[in-house]
Amino acid sequence: MPMVVGGSAGITWPDNTNLPASSVTAALSPDLTNTANVMTINKAIFDGTNGLTANGQVYTSAPPYSATYLAIAGGGGGGYNSGGGGGAGGYLTSTISLAPSTVYTITIGAGGSASTGGGQGGNGSNSSINALVVATGGGLGGSFGSFNDNGVAGGSGGGGSGSGTGNGGAATQGFAGAAGTAGAAGGGGGSSQAGTIGGGGGIGGAGGNGTSSSITGSAVTRAGGGGGGSNGGSYSTAGTGGAGQGGFTGAVAGTAATANRGSGGGGGGQGGGSGGNGSSGVIILSIPTNRYTGTTTGSPTVTTDGANTILTFNSSGTYTG
């Protein structure tokens, strides 16, 4: 399909050929991403003073384009011994402007390690797109009678141990973890809901629920909070989105969160149960297929959904706009 410059009175050139060496002003469609009006210019020659002008801006290459992203950080680890549930990794989704030929570094945050009798675990790590988008790692759950009883702040906050308090989530990224009561730990915060206070029957509090996204074309729920550890006889409830369940009395361990969901690990049960590991995060880009360059590193999964190409980064890499 030819490219048209100069509006209805313009001149056409075949695709993939040079524009004339003389100064060219192009009155292009107001929608610079509309494939019916704007085709890829592989190479353009200008006279050194004027570029390709559209809507009052001068471009010497293709203009920027918009993509939708979902960025989720790593989830926090669960606490030890009636330990609090780990908080979900920070959850961010919006649009981003991508500039042609610019390299965008995609960093996927690791899940936080669980607390055990041998040591305190950790928060989840941040996920990012350059410095433009930064999702904050989820908070670690508190551990009863050792280390820190209180949950740690993060993308979503970790729950408190059976005698500790929860902590808050980052603004616009997640919710707070809950406090423990009477040896039953609080649930970690999720991306759409705070954790639940531990209590009834000695069962740890439920983790906060995650958030569903259809950015890939199918609905998937991610970034749930881990359940709090119990001093009762059954697992606590994990937040939706692949979070870990809290363990129970008799030193039963909390369970780990599902990989690449950015969810928190479950807290360990009363009597010395270890927590569960939080899960690694993910970054997904939905790019108009007519602007997708195909230049990536890190082996993202590439799919399509309608007019968009979907890049799912389960490990760190790059995309070149």
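This briefing walks through some strands of the structure and how they pair. The model is predicted. One part of the story is an open sheet of five strands, and another is strand β12, whose seven residues are buried. In general, the strands of a sheet pair through backbone hydrogen bonds, in either a parallel or an antiparallel way.

**The open sheet**

- If you trace the five strands across the sheet, the order is β9-β8-β7-β16-β13, with antiparallel pairing.
- The edges are β9, at residues 133-135, and β13, at residues 296-297; each of these two strands pairs on one side only.
- The partner of β13 is β16, which covers residues 317-320, and two bridges link the two strands in the antiparallel sense.
- To find this pairing in the model, look at Thr-297, whose bridge partner in β16 is Thr-318.

**Strand β12: burial**

- Strand β12 spans residues 282-288, and seven of its seven residues are buried.
- Both faces of β12 are covered.
- On one side sit Val-282, Ile-284, Ser-286 and Pro-288, and on the other Ile-283, Leu-285 and Ile-287, all of them buried.

**Strand β12: partners**

- β12 pairs with β5, which covers residues 65-72; the two run antiparallel and share five bridges.
- Within that pairing, Leu-70 has Ile-284 of β12 as its bridge partner, and Ile-284 is one of the buried residues.
- β12 also pairs with β15, at residues 308-313, through six bridges in the antiparallel sense.
- Here a handy residue to look up is Pro-288, whose bridge partner in β15 is Asn-308.

Methods
Residues are numbered from 1 along each chain as its sequence is written. This is a predicted model: local features need pLDDT of at least 70, side-chain atom pairs count only at pLDDT 80 or more; totals for chains, interfaces and linings use all residues. Side-chain values use heavy atoms; hydrogens and water are left out. Two strands pair if DSSP finds at least two bridges between them. Helices (H or I, at least four residues) and strands (E, at least two) are DSSP runs, numbered from the N terminus. Buried means under 20% relative accessible area, exposed over 50%, partly exposed in between (1.4 Å probe, protein chains only).
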